[in-house]
Amino acid sequence: MKLRPEILATPPYRQGKAAADDAFKLSSNENPFPPLPGVVEAVVASGAFNRYPDASAAALREVLAEKHGVSPEEIHVGSGSVALLSQFITAAAGPGDTVVYAWRSFEAYPGLVTVAGAESVQVPNRGDGAHDLDAIAAAIDERTRVVIVCTPNNPTSTIVTARDFDAFMERVPADVLVLLDEAYSEFVTNPDAVNGLTLTGRYPNLVVLRTFSKAYGLAGLRVGWALGSVNILDAARAAAIPLSVTQPAQSAAIASLGLEAELLERVDRLSVLRDSIRSALLEQGWRVPDAQGNFIWLATGDETLEANEVFLSHGIVARAFPGSGIRISIGEEEAMEKLLQASADVVGSLPAGHPARQLG
Ligand SMILES: *Cc1c(COP(=O)(O)O)cnc(C)c1O
């Protein structure tokens, strides 16, 4: 069979491991809470399941546009922000072109770039796990079509500050598309963090990506959205698989947007829990990047597989990146106790001077 060699060399997307009955699945940054009250009812009521959805998600775009002070044409809805990433990359980059992004970052990026026929340029994170924006800007050349900035960065949990982002945008050529992936922005508590929704109109080459999968707890329904210039969004619309955002997903998103107070309450509980977990880890002797998503990052490096076994033996299914580190989602309170028992065992077993351990 004649298949594309670069596709044959690309491993299929690896999903976070399923958990055994008595274990906690903290491997996919899912929300431990169910959808917000009334959302499931709205999905059922959306009901004409024999009919195709509204292809342009007009009602949802209108609600989002109203909320963020833009026109509905400046909003584009996709079946998850991964689908949106794929559309923007495909619309902008093909054979001979490059897409620049930090590494380690979201695992979906390399595959999406390859499928588009383009090449990845991965720029190593700084020692603290944060994007090295200077190096990313320096990696842009005449072949570059897209730059992806992920904040908070999955899996290292670090943010890009508004100041650094502005300085970065000054260095990016105006004809290079910048995708600001803000899948976890609702969990951010650091006031210095960039917020793409406050930058509307400032950078015509900037597209901001958001999702209902994480804070809103709708990962299973697949809906995300993009905000940016109409001409760029139109290109993504042209690259989209038509009708892939279902009506139940659109209805769930609209119902969720009407429940701001409930959302904030939930997000707040998770962010507070995250901060307390991080403090406890610091007390155990870990070095942990400032966590601004709904997950924490332990840079276990060469000890990752052994460390992951310890977490598994405590009933914690985390996401291990061999040779790099372990990402653990903030989930149920009971899971967090087990997590801290496991992490205490692991930190004690790390060699002195290990980068995930505090000095002294
Ligand atoms: C989870 C995640 C997404 C979005 O996922 P969808 O479910 O496709 O909306 C996008 N970017 C990053 C960095 C993520 O972690």
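This is a predicted model: local features need pLDDT of at least 70, side-chain atom pairs count only at pLDDT 80 or more; totals for chains, interfaces and linings use all residues.
**Main core**

I started with the largest nonpolar core, which has 80 residues. I looked for the members that touch the most others and got F165, F168, F212 and I328. Next I checked which element gives this core its largest share: helix α12 (residues 333-349), with seven residues. I also asked about domains, and the core takes at least three residues from each of domain 1 (5-32 + 261-347) and domain 2 (48-258).

**F212**

**Sheet**

I then traced the open sheet: seven strands, mixed pairing, in the order β2-β8-β7-β6-β5-β3-β4. Which strands stand at the edges? I found β2 (75-78) and β4 (119-124) there; each has a single partner strand, so one side of each lacks a neighbour in the sheet. From one strand to the next, the twist averages 25°.

I zoomed in on β5 (residues 144-150) and β6 (residues 177-181), which run parallel and are joined by five bridges. I looked up V147 and found V178 as its bridge partner in β6.

Last, I checked helix α3 (residues 58-68), which packs on the sheet and touches β2 and β8 (224-227). The direction of α3 makes about 135° with that of β2.

Note on methods: Residues are numbered from 1 along each chain as its sequence is written. Side-chain values use heavy atoms; hydrogens and water are left out. A nonpolar core is a set of buried Ala, Val, Leu, Ile, Met, Phe, Trp, Tyr and Cys residues joined through side-chain atoms within 4.5 Å. Buried means under 20% relative accessible area, exposed over 50%, partly exposed in between (1.4 Å probe, protein chains only). Helices (H or I, at least four residues) and strands (E, at least two) are DSSP runs, numbered from the N terminus. Domain bounds come from an automatic or database domain assignment. Two strands pair if DSSP finds at least two bridges between them. Axes are lines fitted to C-alpha atoms, for helices over the stretch in contact, and angles run from 0 to 180 degrees between N-to-C directions. Contact means heavy atoms within 4.5 Å.
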